[in-house]
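Biologist: I am new to this one. Could you take me through it and say what each term rests on?

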Amino acid sequence: MLLRPWILVSRLVAVLWQLGWLALVLVVQGSSSDRSVQQRLGRRILQTLTQLGPCFIKVGQALSTRPDLVRRDWLDQLTELQDNLPPFPHELALAEIEAELGAPAVELFEHFPPYPVAAASLGQVYKAELTTGQWVAVKVQRPNLAYILRRDLVIIRLLGVLTAPFLPLNLGFGLGDIIDEFGQTLFDEIDYRREADNAERFAALFADNPAVTVPRVERQLSSRRVLTTSWINGIKLQDRLELESHRLEPDALIRTGVMAGLQQLLEFGYFHADPHPGNLFALPGRTGAMGHVAYVDFGMMDSISDADRLTLTGAVVHLINRDFEALAVDFRTLGFLRPDADLAPIVPALETVLGGQLGESVGSFNFKAITDRFSELMFDYPFRVPARFALIIRAVVSQEGLALRLDPGFKIIRVAYPYVARRLLAGDTAELREKLLEVLFDRQGHLQLERLESLLGVVEQDDANPDLLPVAGAGLRLLLGPRGGSLRQRLLLMLVRDNHLNTEDLQALMGLLRRTFSPSKVVGGLLQRLNPLAPAA
């Protein structure tokens with residue numbers, strides 16, 4: 001492309017012209033209170049992004065998951081970018097199938113339709129039937145896609161690097177790296193062999209979870225540019241009324257989606273980075289408080305290191321426990337602050353901005369609130385967004401945006417903190433046991449009873465699963481088992497401190513356990529486990 005600069009220049013002019021004209025129209029008409037004007041603007045945004053091609057469509061897809069950032073009139077149009085784009089000619093799709101799979105579609109399938117059921121930014125999907133009678137989804141890649149992506153990514157990076165110094169709030173810091181990360185994920189996404197591997201790895205992680213379904217890959221009918229998987233019969237997670245009309249419970253589905261997302265980030269270290277409504281389907285049935293959800297499209301996946309997973313888990317706990325000094329260290333460890341950053345002025349700033357947002361209730365806090373308040377810190381302090389967190393932030397923002405679309409009152413921390421609390425109290429990995437000790441004991445070895453009480457209280461107040469018996473059982477196994485050596489040692493040091501026997505902490509601990517696991521609560525928990533319809537004690 002560098003050898004043919006006229007191609008790059010002509011495309012740059014076209015992009016600047018379309019985006020500039022769109023920006024002018026939005027500035028002039030964006031404040032109108034006329035609903036028809038706003039709907040027309042939404043269609044204009046949709047048309048502009050669609051005309052600009054796959055890279056820009058991906059940006060629109062990310063915005064389509066944020067009802068709290070984008071006007072509803074525009075949002076309804078942007079959701080069309082998920083899988084309702086203009087298809088490319090059917091003849092080209094048939095030619096691609098034959099070239100990739102070595103035979104025409106009529107020989108490979110019992111029935112292959114003359115038109116796709118959905119068209120997305122990178123390909124289009126057909127609902128075909130195998131000779132065995134099984135229905136499958138056949139995804140065929142758009143022609144000449146690698147060239148188009150490479151050309152537009154060069155332009156996007158050029159514009160990003162040129163505008164970075166003028167962006168407010170440190171937003172331009174590392175922008176080139178973030179764009180490079182975005183480009184790498186796009187090129188990974190157009191290799192359907194990699195996507196097939198991703199789907200099978202993702203399915204293995206959720207193999208024992210009946211609430212999460214992953215389509216099976218048909219390897220013999222898949223290649224670099226064609227991917228065939230089992231067909232998913234479900235309802236897209238984008239309209240609450242439609243879900244309810246099919247007797248599906250949006251709240252249970254939201255819970256499953258968020259819990260699955262937390263597991264991916266904080267437990268598995270491998271996550272779906274594009275959980276927009278077009279990639280998540282509601283299925284009939286429930287498992288306890290969890291609705292049944294199916295994931296599709298595994299082109300955009302990423303991993304998170306064990307160290308980052310543990311630090312993120314600790315950051316959630318430090319945030320809720322209002323330990324802003326530890327939270328500042330977490331930010332530095334994760335790379336949001338430079339290694340040599342002075343934390344002294346940052347700790348009180350975190351407390352002012354994030355502590356005030358927490359208010360009286362954990363449930364009042366959500367990720368959007370964090371990003372809004374965080375911008376205040378970025379203006380005065382050396383915060384930045386590490387390139388490796390670009391997809392993680394996208395995944396969390398998309399997941400919360402999807403939930404907010406179904407329930408505008410949704411608070412992600414209301415689901416996230418009970419999950420983290422249960423994992424900490426169970427101490428099922430060496431890293432979590434270390435983090436549990438950090439939470440329960442201060443640097444002088446004193447038991448921080450209020451934090452243990454907070455963890456137990458969060459689990460008990462979890463609407464989806466308030467039963468404390470599994471937590472008590474896991475904690476008892478940890479305390480008495482071979483993995484609890486460090487915990488027993490800390491408790492012993494707590495009792496024998498400064499050459500004196502100190503029983504105050506132990507007495508307070510026993511009092512807390514008696515209150516938390518009173519006979520009435522234990523019996524109520526047992527009844528609840530035996531009969532989920534029974535009222536809680």
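Modeller: Start with burial: a residue is buried under 20% relative accessible area, exposed over 50%, and partly exposed in between, using a 1.4 Å probe and protein chains only. On that count, 50% of the 537 residues of the protein chain are buried. This is a predicted model, in which local features need pLDDT of at least 70 and side-chain atom pairs count only at pLDDT 80 or more, while totals for chains, interfaces and linings use all residues. Residues are numbered from 1 along each chain as its sequence is written, and side-chain values use heavy atoms, with hydrogens and water left out.

Biologist: How many helices and strands does the protein chain have, and what makes a helix or a strand?

Modeller: The protein chain has 24 helices and 12 strands. They are DSSP runs numbered from the N terminus: H or I of at least four residues for helices, E of at least two for strands.

Biologist: Why is His 292 called buried?

Modeller: Its relative accessible area is 14%, which is under 20%, so His 292 is buried. His 292 lies in strand S9, residues 290–295.

Biologist: What is His 292 in contact with, beyond its neighbours within four places in sequence?

Modeller: Contact means heavy atoms within 4.5 Å. Beyond those neighbours, the partners of His 292 include Pro 210, Ala 211, Leu 253 and Phe 281. Thr 287 is also in contact with His 292.

Biologist: What makes the pair His 292 and Thr 287 a polar contact?

Modeller: A polar contact is a pair of N or O atoms within 3.5 Å; within protein, one must be able to donate a hydrogen and the other to accept it, and residues adjacent in sequence count only if both atoms are side-chain atoms. The side chains of His 292 and Thr 287 make such a contact at 2.8 Å.

Biologist: Why are H12 and H18 called oblique to each other?

Modeller: Helix H12 (residues 250–268) and helix H18 (residues 412–426) pack at about 50°, with axes 10 Å apart. Angles under 35 degrees count as roughly parallel, over 145 as roughly antiparallel, 65 to 115 as roughly perpendicular, and the rest as oblique. The angle of about 50° falls in the rest, and H12 and H18 are therefore oblique. Axes are lines fitted to C-alpha atoms, for helices over the stretch in contact, and angles run from 0 to 180 degrees between N-to-C directions.

Biologist: Which residues make the contact between H12 and H18?

Modeller: Among them are Leu 262 and Leu 266 of H12, and Ile 412 and Tyr 419 of H18.

Biologist: How do you know that Ile 412 is buried?

Modeller: Ile 412 has 11% relative accessibility, under the 20% limit, so Ile 412 counts as buried.

Biologist: Is Arg 247 buried or exposed?

Modeller: At 79%, over the 50% limit, Arg 247 is exposed. Arg 247 sits in the loop between helix H11 (240–245) and H12. Its phi is near 60°, a positive value in a residue other than glycine. Most residues other than glycine have a negative phi.

Biologist: Why does Asp 297 count as partly exposed?

Modeller: Its value is 22%, between the 20% and 50% limits, so Asp 297 is partly exposed. Asp 297 is in the loop between S9 and strand S10 (301–303), and its phi is near 65°.

Biologist: What makes Asp 330 buried?

Modeller: Asp 330 has 6% relative accessibility, under 20%, so Asp 330 counts as buried. Asp 330 belongs to helix H14, residues 324–334.
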